[in-house]
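Biologist: I would like a close look at a single part of this model. Please take me through it step by step.

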Amino acid sequence: MKVGAKIELSAREQLTVFLFAAMATAPHLLHLAPGISTFFIAIIGLRLLALHFPGLLPGRLLLFLLTIGGLANVLAHYPLLLGRDAGVALLISMQALKLLELRRRRDIYVVVFLGYFILVTQFLFRQEMLLVGYVSVALVGLTAMLVQINRATVSERRLAPYTLALALLLQALPIMLVLFFLFPRFESPLWDLGLEQKGAVTGISDRITPGSISRLSRSRAIAFRVDFERDTMPPPALRYWRGPVLWDTDGKSWVQGKKLPGPPDRLLAASNPIPYSVTLEPTPGSWLFALDIPRQTPPNSRLSADFQLTSAQRISRRTRYQASASLNYRTGPLSVNQRQRALQLPDNITVRMRRLVQDWQQRADSQAAVVEQALQYFRRQPFYYTLYPPLAETNPSDQFLFDTRRGFCEHYATSFTLLMRLAGIPSRVVTGYQGGERNPLGDYLIVRQSDAHAWSEVWLPEQGWKRVDPTAAVAPQRIQQSLDPDLIDDFTGAPIVFRNTDSDLLRSFAHHLNWGLDTINASWHRWILGYSKQRQSRLLQLLGLDFLNGNRLALGMVAITGFTVLLLFAIIAYRSRDRIDPTIAAYRQFCRRLAHRGIGRQPHEGPRDYARRVILSRPELGLKVESIVRLYIGIRYGRMDNPENRRRLQRLVADFRP
Amino acid sequence: MRLAARFNRFLRLARPDASGQAKIGGRRIYILPTAQGLGYGLLLLIMLTGSINYASNLGFLLTFMLAGLGLVAIIHTWRNLLAIELSAGRADPVFAGQHACFQLLLHNHRPAARPGVRIALRAGSSAVEDLPPAATSRVRLCLPTDRRGECLLPRLTLSTRYPLGLLRAWAYVELNGSCLVYPQPGPSMPVADAADYDHSRQGDKGVGADDFAGLRPYRPGDAPRHVNWKALAREQGLQTKLFGGDRSERRWLDWSALNGDTETRLSRLCRGVLDACDRQLEFGLRLPGLKIEPARGQNHRHLCLAALARFGRPG
């Protein structure tokens, strides 16, 4: 009779194995080359058919040929055989072939181990929480397979292996957490195999046309999150996040133009810098959005002359960086180059624009006053803030200023800048984000794509570069609150209604739920997905373990893991310990002690007979033995079973020294 | 041989207590990874390297989860054997050359089941059982025998790989079990060859009580029951009836009546016993130092065979 690992598998066992192996592989089929998926499905299909028609099972020669074929298939699609995709394709093909020749119990070990490996590779492609849940289910299933094959017979309760697998995994959780948080993290990979990032990324780009920013306003996607130190978060009116600075225009769109040479402008005065840290989602550019005006900047970044903070590499992954900002500042004199560029005018300036500006210049006595005049113009005239202004193709700025008077932040910012240039005041357009929503549950700032904004900066002799936001003149609520994409009306010209904070209970609840989910999401990102060397140092600091660094961290990890493992063992052993009735245990102890003295109890002897025999050979023990035995019989067989008597028996036995 | 004996002394063994039950204590259990367990470790190492290289925190998470799983399996596999009690049951006697089958009792006092427990004899016979909760399971293990006498139950190995097959926990157990092995019966002899049988030297003196065997003149003292009254009525004088039958079929299986060495003689005597039992004859056994009076029946058969089995073996 075949025993143990050599037992052949039943049809049901085989089907279950196929199910979980396929489940572990399935998400890969979505993004691998179709040839690989076809191979996998075809082989599995063949095996399933063979359950009904055993003649279809390939012999050794055919199996060998199929293996070569599988390898050739992988090479055809991934000729270099290097890198993530090729490796996964190879694994999947191996798994398919192993499933084809699955016969005995011991073959399942290979299938399960391959399954575990394939599950790990899932995380190289996607990291959603949903995927983690899916992988967990597959994990339980695969582990249950191992439990199943180590039994002698199939379990009667079908779910028993699954519940045991789940219990084992839950018991392994503390060890996982200790290892995860203490395992040393490396700054760069051991060797570079390139992490391909696929998929479109939205965000601010380095040119705007009328409508480009309004397009972003439909998206609730998170652009970045910001942590400030306790109570230092600036008010909304000062939360301007600087991105691309646009100098050149052709009358319709504004672009960055040539990079400005030189270091950032010197600051003549600045308030105390406020530190903060940003977790930036992948963006198409390399801007590291920084609060106006950046002071301290992160390593590997560059601060340009117009205070644009850019990273050395593309932001293709979630990135964290720290910086600090001064909310109030004064820049110094303007360089010739900058002045020239800041006064560049396009060709399509209309007469009425010139006349408007001349009008202001007459009424004003200083350049600052001209700025004020312009803002008054926006305030007093019937201007509306809307995401869908009427089309103005020929001369957007002119038509916006005089005809339609409906536009979004980019319209206001670009038109205002043009007018300032007309008045001889150097000015530029700055794009980025404004505001952001404070999540009270996590005490951090959420800045979404819908917070994308454009504003203007003018250079005044006494103040240097000064921020002027025309939107604030027309729609001050926009500055104070965030835009809620869901509240935007979709028809032309409709003015934007700003978010009403918690007008009713349901919305308030939904809002809190949203915050709660975002906190969970943010914590997940921060503590698990984005767990890095820096975060680890921070955690160790919090736990008071910051003496563990370098080699000591590795040793510490081993020590703490070992301790956790032993503690876990103790708990498991204690919780499922074999409990003997303490009365019986006491009696056994009593018999054991006598056995040591040569008067052991025979298996067939009852307590009374035994007691009699003991007293015969050792009469001096008579009283003690009698009381113990009488008590024992009374508790076990008589009516004397109560906690007090039990304790008495244990005490008597404990004091019994024959 | 001596090396094995010295090695044995280092082994931690579970021995039976006064009542014949051996309990597996914690310190008696050995535990080591299996080949699959070592493969698992290699797998984890590869996963870890991949996770470091791709800086995949979720990869770390899964790798460490599996590492924890492997560690947790240690205590579960170990505990699967803890506190099992074993005792030896019956072992029916067999003839040399047959398999001696021992019945073993595995007592699981725990309220939980213990699946996948394997018990094995060194000779290679083993059985795997799922021990149900709070119950005793019976297992039958057989050993080939080639010699007569007491076949002692050799050292047992209790092992398990449950739940994940990554580790193997085992314990050695010695139990007081023995199986009596009768000598191998010699070749079957034709009935007519009565050389092995020792008829009663006295022959048939008519002192039996079964079949009518003849008449003789009356002697004073003969039982009145046995007097042939009909013959007397026919004026043939006083005669006594003679009966026999039981005495004439009595056999003695005698050691001294045979030639050959000890084993051959025992073998042929064994054959004699079996044949006699087949024909339901009464027989007795005479061995140097032992005489078993003639009798019939299963018990007598066993007694004689046991005597043959144990002949010359001390204890």
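How many residue pairs are in polar contact across the interface of chain A and chain B?

Modeller: This is a predicted model. Across the interface of chain A and chain B there are 10 residue pairs in polar contact, both residues at pLDDT 80 or more. On chain A, the elements that give two or more residues to the side touching chain B are helix 5 (105–122), helix 6 (129–149), helix 7 (160–182), helix 16 (505–529) and helix 18 (551–575). Helix 7 of chain A gives the most, with 10 residues. By type, the side of chain A that touches chain B divides into 41 nonpolar, 9 polar and 6 charged residues.

Now the extent of the contact. Chain A brings 56 residues to it, and chain B brings 50 residues. Between them the two chains bury about 4,800 Å². Carbon and sulfur atoms carry 76% of that area.

Next, the charged pairs. Chain A and chain B share 1 salt bridge. Its partners are Asp130(B) and Arg151(A), with the closest N and O atoms 3.4 Å apart. Over all chains, the structure holds 32 salt bridges.

Some of the others lie within chain A. Glu13(A) pairs with Arg105(A), and the closest N and O atoms are 4.0 Å apart. This pair links distant parts of the chain. Glu13(A) sits in helix 1 (residues 11–29) of chain A and Arg105(A) in helix 5 of chain A, 92 residues apart. Glu13(A) and Arg105(A) are both buried. Helix 5 of chain A is also one of the elements on the side that touches chain B.

Lys98(A) forms a salt bridge with Glu101(A), at 3.3 Å between the closest N and O atoms. Lys98(A) counts as buried because its relative accessibility is 14%, under the 20% limit. Glu101(A), with a relative accessible area of 30%, is partly exposed.

Glu457(A) forms a salt bridge with Arg428(A), where the closest N and O atoms are 2.8 Å apart. Strand 18 (residues 452–460) of chain A holds Glu457(A), strand 15 of chain A holds Arg428(A), and the two residues are 29 residues apart. Both are buried. Shared partners join Arg242(A), Asp292(A), Arg428(A), Glu457(A) and Arg467(A) into one salt-bridge network.

Strand 15 (residues 427–434) of chain A also holds Thr431(A). Thr431(A) has a relative accessible area of 0%, so this residue is buried. Beyond its neighbours within four places in sequence, its contacts include Arg242(A), Trp241(A), His453(A) and Trp455(A). Arg242(A) is also one of the residues in the salt-bridge network.

Notes:
Residues numbered from 1 in each chain as written. Chains lettered and ligands numbered in written order. Predicted model: local features only at pLDDT ≥ 70, side-chain atom pairs only at ≥ 80, totals over all residues. Heavy atoms only, no water. Helix = DSSP H or I, 4+ residues; strand = E, 2+ residues; numbered from the N terminus. Buried < 20%, exposed > 50% of the residue type's maximum accessible area, 1.4 Å probe, protein only. Contact = heavy atoms within 4.5 Å. Buried area = accessible area lost by both parts, 1.4 Å probe. Salt bridge = Lys/Arg side-chain N within 4 Å of Asp/Glu carboxyl O. Polar contact = N/O pair within 3.5 Å; in protein donor to acceptor, adjacent residues only side chain to side chain. Nonpolar A, V, L, I, M, F, W, Y, C, P; charged D, E, K, R; others polar.
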